[in-house]
Amino acid sequence: MNTEMMVLTVKGYTTALGFVAFTITLLVKAPKADPSFVFVDINNDTGYSSNSLAVLLGMFTSFSTLMGLDGPAHLAEELPQPKKSLPRIMLIVIFSQFIVGVVWIIVLGFSITDLTAVTKTATGVPVLELIRRATGSNAAAIVFCLIVIINNGASALGSAVTMSRQGYAFARDGGLLWNSKLIELSPGSHMPFWSINLPSFLVAAVGLIYLFSDAAFNAIIGSQATCMIISFGNAQSIILRK
């Protein structure tokens with residue numbers, strides 16, 4: 001096993017074990033909310049009068065799970081027997097994310113007894129505030145923060161692989177600007193340097209916006225669901241027109 005695969009494996013196991021640790025800690029330590037708060041009540045702090053719209057806005061965050069389907073699709077050319085393995089991977093992603101999502105939402109819902117304190121936390125990370133309030137320990141919150149960082153690192157690495165592979169495929173077929181550079185292989189690593197690093201540079205540039213305006217940054221990040229729906233819809237509409 002090469003170094004890259006070892007890193008991915010370690011991050012994968014850390015993510016899975018982190019989810020289990022988060023879940024058990026909140027189930028055991030956190031005070032529990034009433035079932036009506038979890039399943040019936042709607043807390044609308046969006047500024048819109050419609051609760052239905054607030055629910056739809058809250059569902060936008062779940063669209064990020066589509067990356068689990070998007071990534072394997074772009075890497076289909078790299079898979080052995082993609083006609084068999086790719087559908088299996090997608091089904092595994094769908095069922096696993098459904099199970100994890102339902103468990104996680106219910107656990108979080110029952111663990112929140114003071115919504116304002118959790119959402120207005122000085123850390124800016126409500127789930128870590130939940131851990132801190134549940135355990136009464138800043139050290140425990142820091143440990144779980146490290147798990148979240150590793151999890152985000154694994155997700156970022158997967159996204160980077162997907163973006164670079166997708167960009168390389170488009171450039172190879174002449175679908176982008178600067179195609180010759182994007183498909184140019186590095187002499188040392190024999191990897192497409194610009195296809196790998198250009199998306200990372202662009203993502204870093206978007207991240208810099210947060211230093212100047214968190215509202216603008218959140219607007220860009222919040223638009224990911226709309227952009228993903230449009231991109232998926234465009235591909236399907238082209239197929240339908242044919």
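This is a predicted model: local features need pLDDT of at least 70, side-chain atom pairs count only at pLDDT 80 or more; totals for chains, interfaces and linings use all residues.
User: Which residues of α5 are buried?
Analyst: The buried residues of α5 are Ser85, Leu86, Val93, Val107, Gly109 and Ser111.

User: Where does UniProt put the transmembrane regions?
Analyst: The annotation "transmembrane region", which comes from an unreviewed UniProt entry, covers residues 12–28, 48–69, 89–112, 139–162 and 191–213. In the model, residues 89–112 are 96% helix and 0% strand, with end C-alpha atoms 34 Å apart, while residues 12–28 are 100% helix and 0% strand, with their end C-alpha atoms 24 Å apart.

User: Zooming out, how many helices and strands are in the whole chain?
Analyst: The protein chain has 12 helices and 0 strands, and its C-alpha trace spans about 55 × 45 × 45 Å along the principal axes.

User: What share of the residues is buried, and what does the surface look like?
Analyst: Of the 242 residues in the protein chain, 19% count as buried. The accessible surface comes to about 16400 Å², and 69% of that surface belongs to carbon and sulfur atoms.

User: Which residues touch the most other members of the largest nonpolar core?
Analyst: That core has 13 residues, and those touching the most other members are Phe22, Leu26, Leu128, Leu130, Ile131 and Phe144. The elements giving two or more residues to this core are α1 (3–29), α7 and α8, and the largest share, 5 residues, comes from α7.

User: What does isoleucine 131 touch, then?
Analyst: Leaving aside neighbours within four places in sequence, isoleucine 131 is in contact with Phe22, Thr25, Leu26, Gly136, Ala140, Ala141 and Phe144.

User: What does its side chain make a polar contact with?
Analyst: The side chain of glutamate 129 makes a polar contact with the side chain of threonine 121, at 3.1 Å. Not counting residues up to four places away in sequence, glutamate 129 touches Ala117, Val118 and Thr121.

User: Switching to the backbone, which residues other than glycine have a positive phi?
Analyst: Among them are glutamine 81, with a positive phi of about 50°, and tryptophan 178, whose phi is near 60°. As background, most residues other than glycine have a negative phi.

User: Where do those two sit?
Analyst: Glutamine 81 is in the loop between α4 (67–74) and α5, whereas tryptophan 178 is in the loop between α8 (138–172) and α9 (179–182).

User: And how accessible are they?
Analyst: Glutamine 81 counts as exposed because its relative accessibility is 58%, while tryptophan 178, with a relative accessible area of 45%, is partly exposed.

Conventions:
Residues are numbered from 1 along each chain as its sequence is written. Side-chain values use heavy atoms; hydrogens and water are left out. A polar contact is a pair of N or O atoms within 3.5 Å; within protein, one must be able to donate a hydrogen and the other to accept it, and residues adjacent in sequence count only if both atoms are side-chain atoms. Contact means heavy atoms within 4.5 Å. UniProt positions are given in the numbering used here, feature names are shortened, and annotations may be inferred rather than shown by experiment. Helices (H or I, at least four residues) and strands (E, at least two) are DSSP runs, numbered from the N terminus. Buried means under 20% relative accessible area, exposed over 50%, partly exposed in between (1.4 Å probe, protein chains only). Accessible areas come from the Shrake-Rupley method with a 1.4 Å probe; for residues, only the protein chains shown count as cover. A nonpolar core is a set of buried Ala, Val, Leu, Ile, Met, Phe, Trp, Tyr and Cys residues joined through side-chain atoms within 4.5 Å.
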